[in-house]
Amino acid sequence: MVLMKNLFPASLTGSRSSQQPKFERVYAIGDIHGRLDLFRRLIADVAIDNRLRDPKVTGIVLLGDVIDRGPQSAELLRACRELARSTDRFVMLKGNHEAMMVTALRRDFSFLKPWLRYGGRETLHSFGMTDADIDEPEPFDMAADARRRIGEDMLDWVDSLPISLRAMNYLFVHAGIRPGIPLKEQEEDDMLWIRDEFLNSTGDFGGIIVVHGHTVFEGRPGITDHRIGIDTGAYYTGQLTAVGLEAGEGWIFSTTDPSRSRGQADDYDPVRELAKTGD
C-alpha cells in the first residue's frame with residue numbers, strides 16, 4: 001500500500017474533529033480511475049500550490065470514480081480510506097463506479113457483467129484476482145471471493161461515502177444535479193449518474209457553482225457560468241485535472257502522463273478559461 005505521507009503532504013493535513021471544517025480553500029480532483037501514478041504527481045503539485053498561497057483552511061475533495069479501468073484501484077482505495085480516517089481535510093465522494101461495485105458484489109449480481117465491462121475487471125485484478133477467478137465461477141461464488149479479497153470493511157466504507165459536499169459557494173458532486181430541484185431534494189441516482197439534463201441546462205443552480213466529474217472533457221475542463229467539469233479522462237488520456245477554489249478566485253492545473261501526446265491541450269490557458277466563470 002502507498003504510504004499516506006507519500007500521497008498527502010503534512011502541509012495539507014489536519015487532525016480529525018467532530019465537525020467538518022469550514023473550508024476556505026478547496027482543491028477538487030477529477031475522476032482518477034485507478035491511475036495512482038497521476039494522482040501521486042497531482043497531489044504533489046497541489047501541496048506546492050497550497051504552500052505558495054496565503055494560509056487558509058484547506059481541503060481536498062475527490063469527485064468519485066477513484067476505481068475501475070486503470071490498474072491501481074486497490075492501492076488508491078486503501079490510501080484514500082487511510083487519508084479520510086486520519087484527517088477531515090480529505091473527502092472522497094462516491095461516484096457511480098463505487099456505487100456499481102458495491103451493488104454488483106453485495107446486492108444485485110445482475111450488475112456484475114456491466115460493472116466488469118466498464119472497468120470492474122481491472123479493479124478485481126488490482127485485488128489479486130485473475131481472469132479465471134472472475135470468469136469461471138458462478139456469479140454468487142465469484143462475488144463472494146471478490147468480497148473476501150476486497151474486504152467487507154472496505155466495502156462498508158465505500159458504501160458509506162458522502163454523495164456531495166458544500167463549501168463556500170460551490171457544490172462538489174460526482175455527476176451533477178437535476179435542474180429545478182432544490183438541493184435538499186436531489187436524488188442520489190441523479191447525483192451519481194446524470195448527464196444531459198444537467199450539462200444542457202442553461203439556468204443557474206440556486207446561486208451555486210457545481211463542481212463535478214463523470215463526463216469526460218478531453219484536453220480541457222468543461223466550464224460554464226454555473227458548473228466546472230474536471231474529468232479529463234485520466235485512465236485513457238493520461239491527464240488528471242484539479243481545480244483550486246476559494247472566495248472570488250479559481251485556478252486549474254493538470255498532470256499528464258509523459259508517454260501521452262498532449263495534442264489539443266497545448267494551447268490551453270486554464271487561468272483564462274476559468275476566469276470566464278466569474279466569482
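User: Which residue in β9 is the bridge partner of Val26?

Analyst: Happy to start there. Two strands pair if DSSP finds at least two bridges between them, and strands here are DSSP runs (E, at least two residues), helices likewise (H or I, at least four residues), numbered from the N terminus. In this predicted model, Val26 has Leu245 in β9 as its bridge partner. β1 and β9 run antiparallel and are joined by five bridges.

User: How many bridges join β1 to strand β2, and do they run parallel or antiparallel?

Analyst: Five bridges link β1 with β2 (residues 58-62), and the two run parallel. Ala28, for instance, stands opposite Val61 in β2. A crossover is right-handed if, with the strands pointing away from the viewer, the path from the first strand over the helix to the second runs clockwise. Here β1, helix α2 (residues 36-51) and β2 form a right-handed β-α-β unit.

User: Which way do the residues of β1 point?

Analyst: In a regular strand the side chains alternate between the two faces of the sheet. In β1, Arg25, Tyr27 and Ile29 point one way, while Val26 and Ala28 point the other way. Buried means under 20% relative accessible area, exposed over 50%, and partly exposed in between (1.4 Å probe, protein chains only). Five of the five residues of β1 (residues 25-29) are buried.

User: Where is Ala242, and what is it in contact with?

Analyst: Ala242 sits in strand β9 (residues 239-246) and is buried, its relative accessible area being 0%. Contact means heavy atoms within 4.5 Å. Leaving aside neighbours within four places in sequence, the contacts of Ala242 include Ala28, Ile29, Leu42 and Trp251. The C-alpha atoms of Ala242 and Ile29 are 4.3 Å apart, although 213 residues separate them along the chain.

User: Is Thr87 buried or exposed?

Analyst: Thr87 is buried, at 1% relative accessibility, and its place is the loop between α3 (73-86) and β3 (90-92). A polar atom of the Thr87 side chain lies 3.0 Å from the backbone nitrogen of Arg89.

User: Where does pLDDT stay under 50?

Analyst: pLDDT is the predictor's confidence in each residue, from 0 to 100. The chain averages 89, and 86% of the residues score at least 70. Residues 1-6 stay under 50, and residues 261-279 are also below 50. Where pLDDT is low, the predicted coordinates should not be read in detail.

User: What conventions apply?

Analyst: Residues are numbered from 1 along each chain as its sequence is written, and side-chain values use heavy atoms, leaving out hydrogens and water. Local features need pLDDT of at least 70 and side-chain atom pairs count only at pLDDT 80 or more, while totals for chains, interfaces and linings use all residues.

Key. Polar contact = N/O pair within 3.5 Å; in protein donor to acceptor, adjacent residues only side chain to side chain.
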